[in-house]
Amino acid sequence: MGAVIEGKLRFCIDRGGTFTDVYAEIPGHSDGRVLKLLSVDPSNYDDAPVEGIRRILEEYTGKKIPRTSKIPTDKIQWIRMGTTVATNALLERKGERIALCVTKGFKDLLQIGNQARPDIFDLTVAKPSNLYEEVIEVDERVELALEEEDNDDSKGLIKGVSGELLRVSKPFNEEALKPLLKGLLDKGISCLAVVLMHSYTYPKHEMAVEKLALEMGFRHVSLSSALTPMVRAVPRGLTATVDAYLTPVIKEYLSGFISKFDDDLGKVNVLFMQSDGGLAPESRFSGHKAVLSGPAGGVVGYSQTLFGLETEKPLIGFDMGGTSTDVSRYDGSYEQVIETQIAGTIIQAPQLDINTVAAGGGSKLKFQFGAFRVGPDSVGAHPGPVCYRKGGELAVTDANLVLGFVIPDYFPSIFGPNEDQPLDVAATREAFEKLAGQINAYRKSQDPSAKDMTVEEIAMGFVSVANETMCRPIRQLTEMKGHETKNHALACFGGAGPQHACAIARSLGMKEVLVHRYCGILSAYGMGLADVIEDAQEPYSAVYGPESLSEVFRRETSLLREVREKLQEQGFGDENISTETYLNLRYDGTDTAIMVKGKKTGDGSAFDYAAEFLKLFEQEYGFKLQNRSLLICDVRVRGIGVTSILKPRAVEAAPGTPMIERHYKVYFEGGWHETPLFKLENLGFGHEIPGPAIIMNGNSTVIVEPHCKAIITKYGNIRIELESATSSVKLADNVADVVQLSIFNHRFMGIAEQMGRTLQRTSISTNIKERLDFSCALFSPDGGLVANAPHVPVHLGAMSSTVRWQLKHWGENLNEGDVLVTNHPCAGGSHLPDITVITPVFDKGKLVFFVASRGHHAEVGGITPGSMPPFSKAIWEEGAAIKAFKVVEKGVFQEEGIVKLLQFPSSDETTTKIPGTRRIQDNLSDLQAQIAANQRGIALIKELIEQYGLVTVQAYMKYVQLNAEEAVREMLKSVAIRVSSEKPESRVGSSVTIEEEDYMDDGSVIHLKLTIDADKGEAFFDFTGTSPEVYGNWNAPEAVTSAAVIYCLRCLVNVDIPLNQGCLAPVEIRIPAGSFLSPSEKAAVVGGNVLTSQRVTDVVLTAFKACACSQGCMNNLTFGDDTFGYYETIGGGCGAGPTWDGTSGVQCHMTNTRMTDPEIFEQRYPVLLHRFGLRENSGGNGLHKGGDGLVREIEFRKPVVVSILSERRVHSPRGLNGGQNGARGENYLISKDKRRIYLGGKNTVHVKAGEILQILTPGGGGFGSGV
């Protein structure tokens, strides 16, 4: 495949969103020909890749090829192409019109997804739109057999593809489906995505749907079982919809491309890049594998030309473009993921692990609330940055232009009305001068003696903030997999990347940057380095052991034969085919599967997948699980057709000194430098260039900063070596530097996020690892919150009172090596399952800050399994309550002490023995994970102190709080102005007063009198008038009300400010002692966290007139017996707002935990899910309609104890401004004799096999009177 045919050209093409890059190998030329074209230029040509090939062929042959005629192919050996056609169609929602076909009862499954909302502070709950227009339901059902059922034919059991036993409880009804399919064709929809329950193991029903649909005239059918035969209906179904949506668009584009050549490219080898870094012929190139086509080329490009040849270090790929930056990692093999989220849609297929950040050359620059902000909004290609002469806004490219990082002389003159003018430097400086006026006026208001910042200092500030924005995901990508970022080299490519490379590498502690000679077109060049890939996979569900491994071998043999045949059909001989086998393995009881690659053993014995899994698991998660079975989920093989087409070519050694083209003024930290400019084509192997310098590499500008040195390598690439430089920040008197403020905001939030990732990685329980029911934070030495990485809003700001309580309790008795544990509500806790682990941190014997992590433990004892009892009346009935305990004392883990506290809870009633935790090993493991997360935070803050010094770090801990305070003050002032204009009677002097109240289902009232001072931007939340402590468990500790207030304020600010103590500085909260928002320390509180928190939020948001009430509940469901327990919270309808309809079927406000996939739910627990969908018309009507609640119907297949803890079963979620109320929730038990029994809002029931629980969650209120 790789032999060069004399006199023929070879083309590698990357058709990107803005530019199309072409790299051509031309006979007789040692260097390739590089061409860059606009991807869309309809006035000049129809298709950029075709135009690129036409122009190069004209040059080579010397013959004119008219654009109207077909392109001759006699001089073309092969074409390889990556394209963003699929990505763009997905982002812009311009794919094919499609319908979705699902099992009856699951019409809304893909719309609900995992029910989590994308941005927890976005009240509009904006979710990406569905790809499908219509949904039809198939009357069919497959059930998995229970463990106790044996292979008895009389029970109608059959073995699925995965080896699991199942029964077809409802055969496929073809006659019922026909009219539904005809209805779709009548509407003009002829493409179909199909996902049926358990089709991963029983695909026959999906195949029957496909056969019928094609017979009836459908053009394209995507089957979930054929695309990704893996358990989990939601990602599999979403993948099928992506494929159905994009494949017709891709096929249309490819057939158009091919038709432009004579003989339809019949004799030319044409291959297309897939998301997994492999190539595929046109016939096998489909939508779900095409979304990362372009970025994958870049990863192949840098990995195959730099790793091993230029450095032995692992590489971080850094591809910075106009609107976004792609980050990846390579350490000798491609890092792949099976599932990723792109444009809001989950795609389940093997793909390279590429993380995209919304920061690029086009990221907008803003000055807000006294801090520099870069992105995530982009100016786009039209109108683009200010310098593009189209009336755009300031962007990162403008900052680089002002600093001299972009040289107009070397940038195409394609701007202005006639597209012949250079970049507009004057307009850019003018826009920066205007912004400088605003920034300097603000700084003077803070500090009258502040010296004005120059335009250059401001531009440099924005570039520094942009760099920090891009460093955050790089740290996450490496650290969350257990690798040290500083031990990598930065492989930099893309249009804008080399301008930022030195600064980013320095921030990350790296010493080496590599810039490929083709860095501007590396994605195109990578197409020529890639191999042809064929993947095949089968689900196989079994316990890992000798018997299952022989079945694995049988399946592997069959799959290997399949991929070899496909590669042989494409012309590969056996000598050019290699294969890889993978087993997808997980521990029993966890959802964390790892795709383990088999390796050849020296003695020919079978490879030990289990040992490799344990090694990988421990590397990524930091621990091993003892006495747990290993489960096989899938067998996968990968066939590789080795093409070895492009080979790195060595360049001539350099004679003499490097030739300087000319000098330019470039601004670095500290001022302007006369900087020499070199052209890469005039440099040779061995040339060394000290910084500062500019190297022009085609269209890419490589900036070599001061204290760096560029060396031209043997292969003509640029290696930049960095000297380590310490970062110093000059501290003014009590005033933050506006640039450093943004950078420290990023660094503090990054630390809290990395603590969270460590906790998620090292924890065992489903609640923390999969449902993400945890939060991590760091605090100043007085216990004030500095940064909080929240997954669950009810934890917001609440940990600060926990830390302060401990500080007061322990006083001087805190030592280095101590770790504290607490969960008691009176000590700043929320409810007992939420255990907080706090580590004080010392520097030279002095307490300098705290780190803390709070996680929901599935079991802490109490009167019911799962520790969420519906009927608890006192705190001791809810489990182990710990006010203060040193779980680690002076570095020693106090296992005996913590086990005693958890296993033997004390009760006030000596006669009653309350059960302790039923899962002590899980508790200990998760506590150790929390300690590890805190240690990670400490290490990162110590790095920060090493970099900047303790005085600076502590000063900025204070400044970020002041910054958040200012943002909240500005928001409160604007709210006061709005309210007083709408209700003039509410204003007295500078104060505006609003009163609001709402009721719990038992009639207890939450009363709020909110007073806002419009001049000072201060608010007083007075809950006087709230009902006393209740004889039930929906009492809420004060920390819960604080969390609700801080959550509401952060939603209303609507800017990405860090969540810290500053948010509450302009706020006073008064809660009457003895009320159910400030109960006694004996009160039961388990429902306060999950129910009352939602009602407090509704009261606060309706007081601000922000939006109508949401479902106001978390619908807590637990069930189990002595052998297992299960817990979930169920979403509902969101309240509508002044300009938006409420979102349906989603987690609202104070929670955002995920829902278990229906197939996993049925596979792991003795249940059948009959229905999971939207509760139609349950949202309140109005000018804007409230979101609909959900319906969940669960049949239990064996006797269990079921507990439901819910609200809004009596009082409806209220509408606002004339909008109607949402529907109340309802809970029913349907007995075997079909009686429907109402359970009320809170109940525990002993359910028999065959009985059905039906939960209807509340809808959201409407906003505004409907017309």
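This is a predicted model: local features need pLDDT of at least 70, side-chain atom pairs count only at pLDDT 80 or more; totals for chains, interfaces and linings use all residues.

Tutor: With a sheet. Five strands make an open sheet, ordered S48-S49-S54-S51-S52, with antiparallel pairing. Strands here are DSSP E runs of at least two residues, helices H or I runs of at least four, numbered from the N terminus. Two strands pair if DSSP finds at least two bridges between them.

Student: Which strands are the edge strands?

Tutor: Strand S48 (1167-1175) and strand S52 (1236-1238), each pairing on one side only. On average, neighbouring strands of this sheet are turned by 20° against each other, direction ignored. Such angles use lines fitted to C-alpha atoms, for helices over the stretch in contact, and run from 0 to 180 degrees between N-to-C directions.

Student: How many bridges join S48 and S49?

Tutor: Eight, in the antiparallel sense, with S49 covering residues 1189-1196. Take Leu1169: its bridge partner in S49 is Ile1194.

Student: Is Ala496 buried or exposed?

Tutor: Buried means under 20% relative accessible area, exposed over 50%, partly exposed in between (1.4 Å probe, protein chains only). Ala496 counts as buried because its relative accessibility is 12%. Ala496 sits in the loop between strand S21 (489-493) and helix H12 (497-507). Thr325 is 171 residues from Ala496 in sequence, yet their C-alpha atoms are 9.4 Å apart.

Key. Residues are numbered from 1 along each chain as its sequence is written. Side-chain values use heavy atoms; hydrogens and water are left out.
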